[in-house]
Structures are given as structure tokens and as C-alpha cells.
Amino acid sequence: MNLFQSKKIIRVKDDNKSLEDDEVAIEFELSLNINGEKFVKLICTPNDIEELGIGYMYTEGIIKSIKDIKQIDFRYKSEDSGDLYIDLVENLKFTSSDEETTIIKTITTACGNSKTFRLKVFNYYNFNSNQNKIDFSKINIIMKKFNIKSELFVKTGGVHSCALTDLNDILYFCEDIGRHNAVDKIIGEAIKNGVNLNNYIIITSGRISSEIVYKCLAADIYTIISRSAPTTKAIEIGDKYGMTIIGFARGNRLNIYTCLNQYI
């Protein structure tokens with residue numbers, strides 16, 4: 001599956017113009033169907049589709065583990081669209097009108113439709129307050145590895161990168177036009193392979209918003225490192241739940257935004 005296409009562009013530099021080919025990231029329209037019902041449409045990069053579906057359902061509280069999924073089937077509709085069908089095990093209760101379910105229609109910064117489905121997630125998961133012990137001397141090295149892996153970004157400049165790490169090595173890495181999708185893909189791959197996410201850290205190239213923080217909390221991840229900045233809401237939530245949020249991790253510098261008493 002191609003992740004980019006070559007497009008003709010006019011490149012302008014100073015007073016000079018030239019007709020050139022440029023690589024552009026493909027925008028793929030994925031319809032997620034749960035138990036035969038259309039649930040949400042995700043605008044994504046056309047790779048790691050199963051992982052995206054699994055990660056999205058996990059961080060939205062629809063499933064607790066990979067064992068809740070009976071069958072997964074992906075079908076292309078066209079070069080830039082497809083359907084992901086996920087059937088849950090028979091004894092798993094799932095309905096959008098369940099009393100334990102809240103559907104919030106919001107305009108978010110996420111890609112795709114603006115429907116956010118969330119079980120009462122902070123009662124649904126058992127969070128612990130043990131924060132990861134951060135060895136700051138390792139962050140510069142792991143960020144260099146992270147940047148080297150960002151091949152699609154280097155080629156197109158149009159995607160976000162995400163990785164799962166223990167600061168010694170990168171366990172999983174992916175890229176997507178949506179930073180939320182990239183996080184879901186990483187979490188989905190980990191869930192698929194039975195990885196204990198509490199032992200790991202998320203690295204992202206994108207802005208850390210409240211949605212990204214919620215996804216990580218739902219996956220029992222308590223440290224996020226980004227090349228970019230967090231939002232005020234992300235910082236407030238991070239402080240409330242003991243999550244370490246690190247931004248602008250570039251070269252030998254970084255900013256710590258939460259849990260400041262732990263690091264002073």
C-alpha cells in the first residue's frame with residue numbers, strides 16, 4: 001500500500017519558479033463498523049489499519065483487551081477508502097444507548113468525525129499513581145532514534161510520528177496524518193501483542209492536547225514526550241492524574257510541564 005503520491009507543484013524560491021514533482025501523504029477514509037453497525041469514520045494514513053481500529057476501541061473504552069474481539073476484517077472500497085469490520089465476543093455488552101455509556105458530540109482537534117464515544121473511562125480503568133522514573137539523560141538519544149525513523153515525514157512533511165519506548169529502545173513506531181491516529185495505532189499494536197503499557201512511554205511529534213492525554217491514561221501510560229507543546233487542559237489533566245508531560249524535546253533541551261515537585 002502506497003503511503004504517498006507524487007504531485008506536480010510549482011516551487012518558488014526568491015524570484016525563481018520551477019515545475020517539480022513532490023511527494024504528498026495519502027488521505028484515507030476508514031469506516032469502522034462494530035458488530036455490523038457503522039460506528040465512526042477515521043481519516044488516516046492507509047497502513048496499520050487493524051492496529052488503528054483496536055487502539056481506537058481500547059482508548060475509547062469499548063474493549064478492555066484483545067480478547068474482547070472475536071473477528072477483524074478489513075476491505076478496500078477504493079484506493080483511498082475502506083471498511084474495517086470488528087465483531088466483539090458474544091458476552092461483551094456494547095450499545096451506544098447503554099446507561100454506562102456517554103456519547104459526547106464535540107468539535108475536537110482530532111481527525112475524522114466529531115463523535116467522541118467514551119465509557120465512564122476514569123471509573124472503567126484502574127489507574128495507579130506510580131509515575132515512570134525518567135532518566136533525562138536518555139531522552140536526547142531516544143529522540144534522535146525517533147527522528148531517524150520518521151521517514152514518511154521527511155518525504156512528505158505531512159504526517160505525525162508516534163512511538164512506544166522504554167527510553168532504551170523503540171518498541172513500536174508508526175506515522176499517520178492524524179496525531180490521534182498515530183497514538184491509537186501504537187496502543188493498538190501493543191494491545192494486539194499483549195504488551196503491558198504501564199511499563200512504557202509514548203513519544204509523539206505532535207501537540208499534546210487533552211485528547212492525547214485521555215488516550216494515554218486509558219492505556220495506563222503515564223509519561224508523554226513530544227517534540228511539540230502541550231495545551232493548558234493537557235497540563236491540568238496530567239497534574240491531576242500524575243502523568244509526566246514533556247514538551248519541546250529537541251537536542252539537549254526539553255520542558256517539563258507536570259508533576260514539577262517530583263523533578264525539582
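The dialogue below goes from the overall make-up to single residues.

Modeller: This is a predicted model, in which local features need pLDDT of at least 70 and side-chain atom pairs count only at pLDDT 80 or more, while totals for chains, interfaces and linings use all residues. Residues are numbered from 1 along each chain as its sequence is written, and side-chain values use heavy atoms, with hydrogens and water left out.

Colleague: How many helices and strands does the protein have?

Modeller: Helices (H or I, at least four residues) and strands (E, at least two) are DSSP runs, numbered from the N terminus. The protein has eight helices and 14 strands.

Colleague: What share of the residues is buried?

Modeller: Buried means under 20% relative accessible area, exposed means over 50%, and partly exposed lies in between (1.4 Å probe, protein chains only). Of the 264 residues in the protein, 47% are buried. Helix H6 (residues 210-218) is mostly covered, with eight of its nine residues buried; among them are Ile212, Val213 and Leu217, as well as Glu211 and Lys215. Just after H6, aspartate 220 has a positive phi of about 65°.

Colleague: How should I read strand pairing, and which strands pair with S9?

Modeller: Two strands pair if DSSP finds at least two bridges between them. Strand S9 (residues 160-165) runs antiparallel to S10, and six bridges join them. S9 also pairs with strand S11 (residues 201-204), again in the antiparallel sense, over four bridges. Leucine 164 illustrates both pairings: its bridge partner in S10 is tyrosine 172, and in S11 it stands opposite isoleucine 202. Histidine 160 stands opposite aspartate 176 in S10.

Colleague: Which polar contacts does the side chain of threonine 59 make?

Modeller: A polar contact is a pair of N or O atoms within 3.5 Å; within protein, one must be able to donate a hydrogen and the other to accept it, and residues adjacent in sequence count only if both atoms are side-chain atoms. Threonine 59 belongs to helix H1 (residues 49-59). A polar atom of its side chain lies 3.3 Å from the backbone oxygen of tyrosine 56, and a contact of 2.9 Å joins its side chain to that of aspartate 184.

Colleague: Why does threonine 59 count as buried?

Modeller: Threonine 59 counts as buried because its relative accessibility is 0%.

Colleague: Is valine 12 buried or exposed?

Modeller: Valine 12, which lies in strand S1 (residues 4-13), is exposed because its relative accessible area is 54%.
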